[in-house]
Structure formats: structure tokens, C-alpha cells
Amino acid sequence: VLPCILSAIGMAHGTRNKRGELDPNEPYSLSPLSFLLTACWLELWLLISSPSKDRTRLPRRFRQVLFLDVFGDACDDPTEKEEEQVREGLCPPIIDETNEDIENEARAAEAVAEEALGRAGHQLALVQNGLRRWRAAPRWALKEPQKRQIDALN
């Protein structure tokens, strides 16, 4: 705003000819300051739009902000959880034929199933949150393949 005000003041105090037109040979001494302030303003926007300086290097600018976890519901990386599930496996171990062993294994299988159910619920919530964010993205910000994928999900 300040560069515009300086330009307006410079033009208002500039000399005019008999027809009221500004003199093209007027020095307009505030003009360089106006351009300098505009350059500083643009540099400020570049500084603001840069990624954060901490270890996470989160994006803070324009289109990338759409994918920032503003709700805090994705507390960890879902790809790490998927790899962990593949490594661990969700099948209970083979049970022995004794009654006590069968009961212990059944309890262990129940615990594994409950844990898998909890993880599946968490993954479902992450997918729903991601889908909600994609649907909230403005259509003009998406590429054609992304638009087709979202339309296919609806």
C-alpha cells in the first residue's frame, strides 16, 4: 500500500502544463523509493512462502498447504504402518492340541484380531480424512488425472 501512496503523492505534487497533463520531465523523486518498497514487499512474500526451517520442512505456500495436516488427525506416516503390518503379519501362530494351549492361542488370536481391527479403523479414518481433503481442493488446482480419480470415487 505504501508504494501506491508514495506514487500518488509524487503525481499529485508534480508540475502540470496548461492542459493539466503531467510534465514528463518532472524528476518524481519518490518513484525510486516506491519501486524499492515494491521489491521489499515481493521479497517478503518469497520469505513467507518458503518451507519451514525446522526438521520437518513443512510446506507453507499456496497449493501445498492443501495437503498439510491442519486437523492433526494424521499423527504418523501411514506408509510406515503399512510396511510394519506386512513385516509383522496378522495371522496368529499355529496352535497346539492341548486345551490350555488352545485357550491361550485363542486369546492371543483375539488380541491380534483386536489390534488389527484397531489399526484398520485408524487406516480407514486416515483414508476418509485424505478423501475429505481431496474433495475440498478447488477444481482449478487439480490436474486432469486427479479430477478423474476424484470423480471415480464419488
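Glutamate 115 has a relative accessible area of 43%, so glutamate 115 is partly exposed (buried means under 20%, exposed over 50%, partly exposed in between, with a 1.4 Å probe and protein chains only). You are working with a predicted model, in which local features need pLDDT of at least 70 and side-chain atom pairs count only at pLDDT 80 or more, while totals for chains, interfaces and linings use all residues. Residues are numbered from 1 along each chain as its sequence is written, and side-chain values use heavy atoms, leaving out hydrogens and water.

**Exercise 1.** Find which side chain meets glutamate 115 in a salt bridge, and say where the two residues lie.

*Solution.* 
- Step 1: Recall that side chains of opposite charge can pair when their charged atoms come close.
- Step 2: Apply the cut-off: a side-chain nitrogen of Lys or Arg within 4 Å of a carboxyl oxygen of Asp or Glu.
- Step 3: The partner is arginine 119, at 3.5 Å from N to O.
- Step 4: Both residues lie in helix α4, four residues apart, which is about one turn of the helix. Helices here are DSSP runs (H or I, at least four residues), numbered from the N terminus.
- Step 5: Arginine 119 has 14% relative accessibility, so arginine 119 counts as buried.

**Exercise 2.** Work out which parts are tied together by the salt bridge between arginine 139 and aspartate 151.

*Solution.* 
- Step 1: The closest N and O atoms of arginine 139 and aspartate 151 are 3.3 Å apart.
- Step 2: Arginine 139 sits in the loop between α4 and α5 (144–153), and aspartate 151 in helix α5, so the pair ties together parts twelve residues apart in sequence.
- Step 3: Arginine 139 is partly exposed at 40%, and aspartate 151 is partly exposed at 42%.

**Exercise 3.** State how many disulfides the count comes to.

*Solution.* 
- Step 1: A disulfide is a covalent bond between the sulfur atoms of two cysteines.
- Step 2: The rule asks for a pair of cysteine sulfur atoms within 2.5 Å.
- Step 3: By this rule, there are zero disulfides.
- Step 4: Now look at two cysteines: cysteine 4 is exposed at 59%, whereas cysteine 40 is partly exposed at 44%.
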